[in-house]
Amino acid sequence: MNQERQTQLENIIILLLALLSAAIFIISFFPYSVWLNKIQTYVEMGRTVERAFSFIMLILCGQLMKRKHTAWSIVIIILMINMIRGMIGYRYGIRIGIAVGSAFFFLSFLFFRKDFCCPSSKTSKKKAILFFLLSFIGVLINAGLSYHYMRIGLINQPVSFFESLKNGMGMIFGMRVLLPGGRGIHYFESLVFFFSWACIFAAVLYAVRPWLAQKQRKASDVQHARTLLNLYSQNPAAYLTLEEDKMLFFGEKVDGVIPYGVVNDTIVVNGDPVCADEDFPQLLSELKNFCKRSAHKLFILNATDHFLEEYKKQGFGYVKCGEEARFCLDEYEISGKKGQKMRMNINHAKKAGVTVEEYHIKTKRDPQIEQEFDRISKEWLEGKKGSLLQFVLGSVGLENPMDKRYFYAKNVQGKIVAFIVYVPFMGLNGYMADVTRHGNDAPGGVMEYINYEAFQVFKSEGVKYGSLGVAPLAGLDEKSSNPVERLLCFVYNHLNECYGFRDLHRAKKKYSPNEWVPSYYVYLPSIPTPDMFYAIVRIQNPQGMMDYVKSFMKNWKRDGKKYGANKG
């Protein structure tokens, strides 16, 4: 049997198991017979166990499709338990049928065991074991209390602790014989039952999380990636490939690099894969296979429309996620009505005595300038609404600047008050303002002045493009037929207290860019799941959603105080 047919057969068996699990789940809500229906309630433990087992099996079938080894191991254990339960409950024909079906699937998965080789995260396995232990601890507590009630407490019956423990374990799997006791002990048993199963559900979900080896970033790999960036990078975000928070995926059959990070079972890529245009289909295909082999979903941030047709051709979903402020430096000017705001801001900075210079870090390092950059960074961070974002933004990178360019502004006293770090794209034929920071005493218009002067320097060197990066969620269509785009529109319109989407768009717009280049989220599977959106939030902010919640509450309280003061 060739591998393709074997895979098809395995998928058919997994599908049959999913259908059987769904059938068991549905049947568990119907009576086996009229007389049984009279004595069994909706939350009776035997029925609830069948629902729990079948629900877990439905979850695991999806993981089996990804050939996860841990999912295979759990399914084998559940099938063994189902066979045992079927033999114990042989009086009911349906239990015999379940046991026979379980035996068939048990032998099938045992035969194909070598194909289920995708490993799980070691950290997640530890958490899964912890939840399994919590479940067993609940059983032990229940057994101890049962023993106390039976031997010493209200009932005074000769029951051993082993019998109490066996009863507790039987309770978890719906096979216990209810020992006599008062309402209190039965209530506690039910509580432990649901607590134990909640822990089992959590353990299963942690256990099937996939794992990827953390590859070491070698200096040679970084240098190779840098060479590829300077040859082929058409995306302004591409240079962030070299930041230390990213792992590097290199093509096997073509020469290309892809920067990525991992959050749970989602691989997140920043910007388009970097390679020659003719090699892109093969590099993208290799990335897809890499994600498939490791059972990971894929989410690409801030992709351009340069390769959009190829993404669609290979089955990716996509949605517009913002617009990049792009400048054609040959045509860029601030004269006329369009550049009025820009001129006003620059003139304000000039009147305050501000001057702009470039820090030529590669020819002559100046520790004093770098100390001033550090001071400004600290002052800037203290004034931010939330934590410093990562992954989609670069670092100042003074320790290893490579191709970065640094421009800074000094006030009339000669003190540095702001700086901007630029990174190259378009094969060094464009520069993007990546890191923009100002100190507490920076006069108005200083950032505009730095950017204008830097663009003039680049223009004099023959550089064609300038960029201010992507304004997230800007320029989306609220009436789009794409539900993901409508969701992003809602975030843009209603969650500005968490992240200043509108403010950032307005800040870039006042520079009067020549064009707004659309930016896209590209993802596989083609319909993104909630955990994929969580991954893009988490990879940019390690503190996760709570940081945005805190920022929202902080701004809400501040606005409330302003409203109260104005009302008073």
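Val-268 in strand S3 is the bridge partner of Gly-261. This is a predicted model, where local features need pLDDT of at least 70, side-chain atom pairs count only at pLDDT 80 or more, and totals for chains, interfaces and linings use all residues. Residues are numbered from 1 along each chain as its sequence is written, and side-chain values use heavy atoms, with hydrogens and water left out. Helices (H or I, at least four residues) and strands (E, at least two) are DSSP runs, numbered from the N terminus.

- S3 covers residues 266–270, and five of its five residues are buried (under 20% relative accessible area, with exposed over 50% and partly exposed in between; 1.4 Å probe, protein chains only).
- Thr-266, Val-268 and Asn-270 point one way from S3, while Ile-267 and Val-269 point the other way.
- Strand S2 (residues 256–263) runs antiparallel to S3, and the two pair over four bridges; strands pair if DSSP finds at least two bridges between them.
- The hairpin of S2 and S3 has two residues between the strands, and Asn-264 there takes a positive phi near 55°.
- With strand S5 (residues 297–303), S3 pairs in the parallel sense over five bridges.
- Thr-266 has Lys-297 in S5 as its bridge partner.

**Helix H14**

- H14 (residues 446–460) has 15 residues and reaches 21 Å from its first C-alpha to its last, close to the 21 Å expected (1.5 Å times one less than its number of residues).
- Its buried residues include Tyr-449, Ile-450, Phe-455 and Phe-458, and also Glu-448 and Asn-451.
- After H14 comes Gly-462, whose phi is positive, near 90°.

**Cavities**

- A search of the whole structure finds two cavities of 30 Å³ or more; a cavity is a set of points on a 1 Å grid over the protein atoms alone where a 1.4 Å probe fits but cannot get out, and lining residues have an atom within 4 Å of a point.
- The largest cavity holds about 110 Å³ of space, a volume being the space filled by probe spheres set on the points.
- Of the 13 residues that line the largest cavity, Ile-24, Phe-53, Asn-82, Ile-98 and Ser-102 lie nearest its centre.
- Helices H1 (3–27), H3 (45–65), H4 (69–88) and H5 (93–111) each supply at least two residues of that lining.
- The second largest cavity has about 40 Å³ of space, and its lining includes Tyr-232, Asp-272, Cys-275 and Phe-307.

Key
1 Å grid on protein atoms, 1.4 Å probe; cavity = no way out; pocket = protein on both sides within 12 Å on 5 of 7 lines; lining within 4 Å.
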